[in-house]
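Dear colleague,

Please find below the structure that I am handing over to you.

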Amino acid sequence: MDKIDRVTLIVLDSAGVGELPDADKFGDVGSNTFGHIAESCGGLNLPNMEKLGLGNLTNILGVKPTTDTTGAYGKAMEKSKGKDTTVGHWELAGLVKETPFPSYPNGFSDKVLQELEKRTGRGVLCNLPYSGTKVLDDYGEEQKNSGKWIVYTSADPVIQIAAHEEQIPLKELYKACEIALEICNELSPVARVIARPYIGEKGNYTRTANRHDYAIKPDSPTALNRIKDSGLDVVAIGKINDIFCGEGITETKGTNKSNLDGIQKTLSALKEDTKGLIFTNLVDFDMLYGHRRDPLGYKKALEEFDSYIPEILSNMGESELLIITADHGCDPTFAGSDHTREYIPVLVAGKNVKPSNLGVRESFTDIASTIENLLLGTDLDNSFSTLI
């Protein structure tokens, strides 16, 4: 496979394209993020992803199948035993997580909470799986009055700590999250601890853009480490740096304030003189629209992203390519769990990309292998061999 100077990998966080064969083991039979958003909203207008072959991956109202694509297309199965952000991104970078992280449907143990209270000097409220917006409605006022942390979890292997920014300084919240990660590493394994600052008054609490994720390090080196160690750049945009705990990253452009912020930072990175990988996560799809069961908001965000694809491509050189994918599903119309066990789309574009059907890939790691082959000149078997 010919070498490429730079790859831009954009993760549309949670944009799945239909249930995986093992969806029954995760309670996700019938899920289809792209397909059901389109059905519930009267169709999607995604002309640029349609040209790349998105409509060939699942039935999406408004996005037609086509044999005359401008890029390569396929979909990939998740081999890791999970459906959360961390294991999805790790697998995209070549690392399969054979043992799933535990989740906490009944909250965390008394021992975890007692240690958190002891080491931070503040009490704890909630300690249940909760919607990130409803937990503020139910506990925000008590948190403001008591100064206690709001601690909650979800279907994901995470512990989330919320605090009002005007009452508890961000620095103190971030430190508490670092402490919580240390405690969980000892007592209750999680993939991430998430700081959830908010502002406002009763009945109008709003989470701010100062969210910060504290993740455990990947179990072993990933494609990011190998690309960095070869002397190339690995530019992380959005929460990528958090997900990989800084491993294999040469530059980070910070946590996104919005999808649009992430798109603009990606465009800015494309204009810089780097070689290697630009790795972007667009989190609004999942955080604002999937989890909050907002198919119309999801539709608008997908259409906004699609409108920027021509500009992204126009900022790419002759020896560059773009890969658009996801990390799991989060069907906002699905009555079951939050994240859904789905195929992810694989759309590849670039001046040297051959229009082709990449088929159904057995693992997200095929994306990592392709990137390594293109950038480093390796010869990993599970790559997209007909890409350029």
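Which residue forms a salt bridge with D366, and how far apart are the closest N and O atoms? In this predicted model, the partner is R361, at a distance of 2.8 Å. D366 is buried, with a relative accessible area of 7%, and R361 is likewise buried, at 14%.

The search of the whole structure gave 21 salt bridges. One of them pairs the side chains of K275 and D5, at 3.9 Å from N to O. K275 belongs to the loop between α9 (259-270) and β11, and D5 to the segment before β1 (6-12), so this contact ties together parts that are 270 residues apart in sequence. Both partners are partly exposed: K275 has a relative accessible area of 42%, and D5 has 37%.

The side chains of E320 and R6 form a further salt bridge, at 3.0 Å from N to O. Because E320 lies in strand β12 (residues 320-325) and R6 in strand β1, the pair links parts that are 314 residues apart in sequence. E320 and R6 are both buried.

At least two lining residues come from each of α7 (223-229), β11 (276-282) and α12 (365-376), and α7 provides the largest share, 3 residues.

With kind regards

Technical notes
Residues numbered from 1 in each chain as written. Predicted model: local features only at pLDDT ≥ 70, side-chain atom pairs only at ≥ 80, totals over all residues. Heavy atoms only, no water. Helix = DSSP H or I, 4+ residues; strand = E, 2+ residues; numbered from the N terminus. Salt bridge = Lys/Arg side-chain N within 4 Å of Asp/Glu carboxyl O. Buried < 20%, exposed > 50% of the residue type's maximum accessible area, 1.4 Å probe, protein only.
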